[in-house]
Amino acid sequence: GYTVYIAEDGIAGTKMAEQYQPDLIICDYHLPKLNGPQVVATIREKSTLAPIPVIMLTADIYTEEESQAAGVEAYLNKPIRRNPLLRAIESLIS
């Protein structure tokens, strides 16, 4: 029941967020051009995007603190399991 847009890198992702004004952003930590925390910082600087909740995904267990400091609402380690991801999505957009 969700519409999903996929960006190939952090710069494209921030542009898509501006264009579509999504209810939620799911962002990988390791992205080309802008990494996850840089994407979140860019989003948080824009008044129209700042309120959008962000879920950060990563396989790197050492990035949670940096992700939280960037302002993410949820942080999930890879491999991502369907139910925890759906619970995080539903808790942030309900």
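This is a predicted model: local features need pLDDT of at least 70, side-chain atom pairs count only at pLDDT 80 or more; totals for chains, interfaces and linings use all residues.
Trainee: OK, and which residues of α1 are buried?
Mentor: Gly10, Thr14, Met16 and Ala17. They sit on the same side of α1 because they cover an arc of only 160° around the axis; the arc is that of the directions from the helix axis to the C-beta atoms.

Trainee: What covers them?
Mentor: Among the things covering the buried residues of α1 are β1 and α2, which is 36–45. Those labels come from DSSP runs, numbered from the N terminus: helices are H or I with at least four residues, strands are E with at least two.

Trainee: Where does Asp9 lie?
Mentor: In the segment before α1, and α1 itself is 10–20. Asp9 caps the N-terminal end of α1, with a side-chain oxygen 3.0 Å from the backbone nitrogen of Ile11. The Asp9 side chain also reaches the backbone nitrogen of Ala12, at 2.8 Å.

Trainee: Is Asp9 buried or exposed?
Mentor: Buried: its relative accessible area is 5%, so Asp9 falls in that class.

Trainee: Which residues is Asp9 in contact with, leaving aside its neighbours within four places in sequence?
Mentor: Pro32 and Lys33. Contact means heavy atoms within 4.5 Å.

Trainee: Lys33, then. Where does Lys33 lie?
Mentor: In the loop between β1 and α2. With 61% relative accessibility, Lys33 counts as exposed. Look at its backbone too: phi of Lys33 is near 70°, a positive value in a residue other than glycine.

Trainee: Why point that out?
Mentor: Because most residues other than glycine have a negative phi. Gln21 is also worth a look: its phi is positive, about 50°, although Gln21 is not a glycine.

Trainee: Where does Gln21 lie?
Mentor: In the loop between α1 and β1; Gln21 follows α1. Its relative accessibility is 36%, so Gln21 counts as partly exposed.

Trainee: New topic: which peptide bond is cis?
Mentor: The one from Lys78 to Pro79, with omega near 0°. Most peptide bonds are trans. You'll find Pro79 in the loop between β3, which is 74–77, and α4.

Trainee: Last one. Which helix does Ala70 lie in?
Mentor: Helix α3, residues 64–70. If you leave aside its neighbours within four places in sequence, Ala70 is in contact with Pro37, Val40 and Arg44.

Trainee: How many residues apart along the chain are Ala70 and Gln21?
Mentor: They are 49 residues apart, and their C-alpha atoms are separated by 19 Å.

Technical notes. Residues are numbered from 1 along each chain as its sequence is written. Side-chain values use heavy atoms; hydrogens and water are left out. Buried means under 20% relative accessible area, exposed over 50%, partly exposed in between (1.4 Å probe, protein chains only). A polar contact is a pair of N or O atoms within 3.5 Å; within protein, one must be able to donate a hydrogen and the other to accept it, and residues adjacent in sequence count only if both atoms are side-chain atoms.
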